[in-house]
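Colleague: I have not looked at this one before. Can you walk me through it?

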Amino acid sequence: MSDWTQIETWMRSQGYTPSDLQHAAWNNTMAGCHQLIVSPTGSGKTLAATGMMLNQLLRQAPAKGVRLIYITPLRALSRDLEKALIAPLADTQHRVAVRTGDTRASERAAIIRKPPALLITTPESLSQLLASPKSVDIFATVEQVVVDEWHDLIASKRGTQCLLAIARLRRLAPQLRITGCSATIADPEHALRALIPVGCEGVLVHPSQQRPIQLHVLLPADNERLPWAGQMGLSLLESVSAQLRPEQTTLIFTNTRNQAEQWYQALAIIRSDLRVELHHGSLDHSRREVVEAGLKEGTLDVVVATSALDLGVDYPAVEAVIQIGSPRAVSRLIQRAGRAKHRPGEPLSATLVPTHRLHLNEYQALADALSAHALEPVQPAEGHLDVLMQHLVTLALQAPWLPDTTYAEITSVAAYAELTREAFAAVLQALQYGSTHLNQYPDYQRLVVRDDQYVQVATPGIARRHRMSIGTIVAHASMRVRVQRGAVLGEVEESFATRLKPGDCFRFAGRVLQCVRLRDGELWVKAARGNASEVPRWTGGRLPMSQTLAHHVVERLARPRPSAPCIQNHQQLDQMIQETQIVLNRFGVEVDSDHLLVETFETRDGVHCICFPFAGWLVHQALGPLLAYRLSRIQEATYTVTVNDYGIELLSDDPKAFQPLQDTPNALFSPDHMVQDLAEAVNLAELMRREFRGVARIAGLLFEGYPHQRKSVRMLQSSAGILFDVLNLYDPDHLLLQQARRDVFQTSFDLPRLTTLLERLHHTPVRWTSPGQPTPLSLPLVHDRLSTRLSSESVVKRLAKCLRGFDDNP
């Protein structure tokens, strides 16, 4: 039995007793095991992962070299971790250091000059460190690597970059052990295998007890009606306001930055007695840091936030969490609920605020999934070749390498286990020459193979440019928002900024602003008086419904029954859902997993055909155009496509446009030739062109400029477009074009899930209904389509006519 006297003594001095989970993790680390700690938020995972090393350091005098590397995906989390790890070592000479993109140059140099015992960093900054020849000695002493929030990294290019960096650390320090930490993950065994080296064994660590979860659904008062459509939820503003109290800090989660801006503006007006703040990823980092500090210190009453605060930052002052709308995923609800009462033993809790009536059914489905411990499966990222190209140059900056030994190192990573020797050779060739038609341009010749077969960086200039480009985070085209004679407020997307004219007003960063001019890639603004309805919209901000939640929603609609007891006010919720069911029955709406529900009706806009696969908007945004394309090949007509998480609306002015869907519905859902048809339906070449910019940036073919000399967004788009056209024309099989194609299918359409859906729908009977008007299921689709082209007043008038058939129910 190991002796944990030092760390246990310190924990008890702080009022904590080590848990069984922590003891199990410490013993695994001491035994040299790789492990994945899967435990709810607030259960002491940080000390479980690092306690063994802290215990050793408390016994030992300082030694040269880094002993433990703690990798976190969040820079905001790094300072909290630093405080948490410094505390046990306060009376020792051991150092803890942070290395992220925000670290000052002097602190970076100190890490190289005098390495700390414990290093906290991000995937990008770890790669930056590995690009230094001095890292060979600094990291030769590493005994343990901790990967925090593994569920957030596992499916991303950042996760792939992280694993490649760990593979190099294992080469430098063969004694290294890997510990992963995750709060919510569906298949821990699968996640563990993705984390640890190929052929190695690992251990799963679970807590003996799970934190219970308590949900409360905020329902309208008796004299209020809950809308049937809409995404903002401001109809319940006063009810939410009544939940806010000065004596407790409340975190309000929204699903989009646009929604966060509007809720912040509204609450700041009606609750001027409270200290209300705003936090989302497009605000300037200095503003976000002030808000995060206020949450930690308990000096704020309310913070309206997006998923930027989802992950495991510890805010002990937060006592309540409110979720506006549906969280769209079971695991996301658990993450957000875990922000409150972030203490071991406390139950998870959240208040759910519906933005429209169908969210009540989703809340029932969420409770069902929680009761069944059903979480979303996560598919680990495959071996991205753009990330591999970047990493191989990073390795060459550390020291020249041999292809054979480096190939063995790369394929020890689970994501690259299937990488063939031929594919590796193709990557190396692309790094040497760019392509067959780029070999005359020195900027694309980044590596050279010496006579002794060692690979090294081609020129010092290439080395400088690469060090400035390490990382896999690719931002959307955006412009900084700068106040005249003032500070930077944050960023809005270029597509929004370029359509503003001087004098136009909009809301951003919780303020009403007036556009002054666009200059040097920045949007200059000044404070404006009055109100403004315009709020920026950000690409990629919408959260799709998960497959797990969609399954439970369909089950709920097919078999209505009482809510799970984890919803505290389940009786009132059940009453409202019964009223919803009465309206659904009136229109003959029947949902079950054995049939595909299709509604058809006519309005002055044309003939509507609405299918309800319940697969989430990410899949639907591929299936909708695919159906329209296949219909147009049989029946020549023009179709307008609108999608949401529940269904797909096809709109045409031709009364015969949907006859093929009635005659041979299963053929239109055939998985045969899906990729070819989808490529025609969505203009795949243009989507690949957009995706290629990010791929080329990660791979190193596109340089964004030196500090203080950054290239403009338009210059980068133009350069990426030219490069894409050259490769597409002269080298169409180039590995980066293929990577861009795979990324489009994965990130824009979720191709595996679309394939599974088509295979199911191809054999599923269709249940046709003709309700004569939009039903409660189809009304949100009509609302979304009208909202994109009509004023809010016109939308209200149009929808009021649709609601006549909903009368006699709240």
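Predicted model: local features only at pLDDT ≥ 70, side-chain atom pairs only at ≥ 80, totals over all residues.

Modeller: One place to begin is an open sheet of five strands, in the order 17-16-20-19-18, with mixed pairing.

Colleague: Which are the edge strands?

Modeller: Strand 17 (488-493) and strand 18 (505-508) are the edge strands, and each of them pairs on one side only. On average, neighbouring strands of this sheet are turned by 45 degrees against each other, direction ignored.

Colleague: What packs on the sheet?

Modeller: Helix 12 (residues 257-270) packs on it, touching strand 18 and strand 19. The direction of helix 12 makes about 90 degrees with that of strand 18.

Colleague: And strand 18 with strand 19, parallel or antiparallel?

Modeller: Strand 18 and strand 19 (residues 511-519) run antiparallel and are joined by four bridges. Within that pair, Cys505 stands opposite Gln514 in strand 19.

Colleague: What holds paired strands together in general?

Modeller: Strands of a sheet pair through backbone hydrogen bonds, in either a parallel or an antiparallel way.

Colleague: Let's step back to the whole chain. How many helices and strands?

Modeller: The protein chain has 32 helices and 27 strands. Its radius of gyration is 28 Å, close to the 28 Å that the globule rule gives for 810 residues, so the chain is as compact as a globular protein of that length. Taken along the principal axes, the C-alpha atoms fill a box of roughly 75 × 65 × 60 Å.

Colleague: How much of the chain is buried?

Modeller: Buried residues are 58% of the 810 residues. The chain exposes about 33700 Å², and carbon and sulfur atoms supply 49% of that area.

Colleague: What about contacts between residues at least 24 apart?

Modeller: Among contacts between residues at least 6 apart in sequence, 73% join residues at least 24 apart.

Colleague: New topic. I clicked on Ser349. Where is Ser349 found?

Modeller: Ser349 lies in strand 13 (residues 348-353). Its relative accessibility is 14%, and buried means under 20%, so Ser349 counts as buried.

Colleague: What does Ser349 touch?

Modeller: Leaving out residues up to four places away in sequence, Ser349 touches Gln214, Val321, Ala337 and Lys341. Gln214 belongs to strand 8 (residues 213-217). Strand 8 runs parallel to strand 13, and five bridges join the two.

Colleague: One more residue, Thr642. Buried or exposed?

Modeller: Thr642 counts as buried, because its relative accessibility is 11% and the cut-off for buried is under 20%. The residue sits in strand 23.

Colleague: What does strand 23 pair with?

Modeller: Strand 23 (residues 640-643) pairs with strand 24 (residues 648-652) in the antiparallel sense, over four bridges. The two strands form a hairpin with four residues between them. Val641 stands opposite Leu650 in strand 24.

Colleague: And what does Thr642 touch?

Modeller: Not counting residues up to four places away in sequence, Thr642 touches Gly647, Ile648, Glu649, Leu781, Asp784 and Arg785. As for Gln621, 21 residues apart from Thr642 along the chain, the C-alpha atoms of the two are separated by 8.0 Å.

How values were computed
Residues numbered from 1 in each chain as written. Heavy atoms only, no water. Pairing = 2+ DSSP bridges. Axes fitted to C-alpha atoms, helices over the stretch in contact; angles between N-to-C directions. Contact = heavy atoms within 4.5 Å. Rg over C-alpha atoms; globule rule 2.2 N^0.38 Å. Buried < 20%, exposed > 50% of the residue type's maximum accessible area, 1.4 Å probe, protein only. Areas by Shrake-Rupley, 256 points an atom, 1.4 Å probe, with all protein chains shown as cover.
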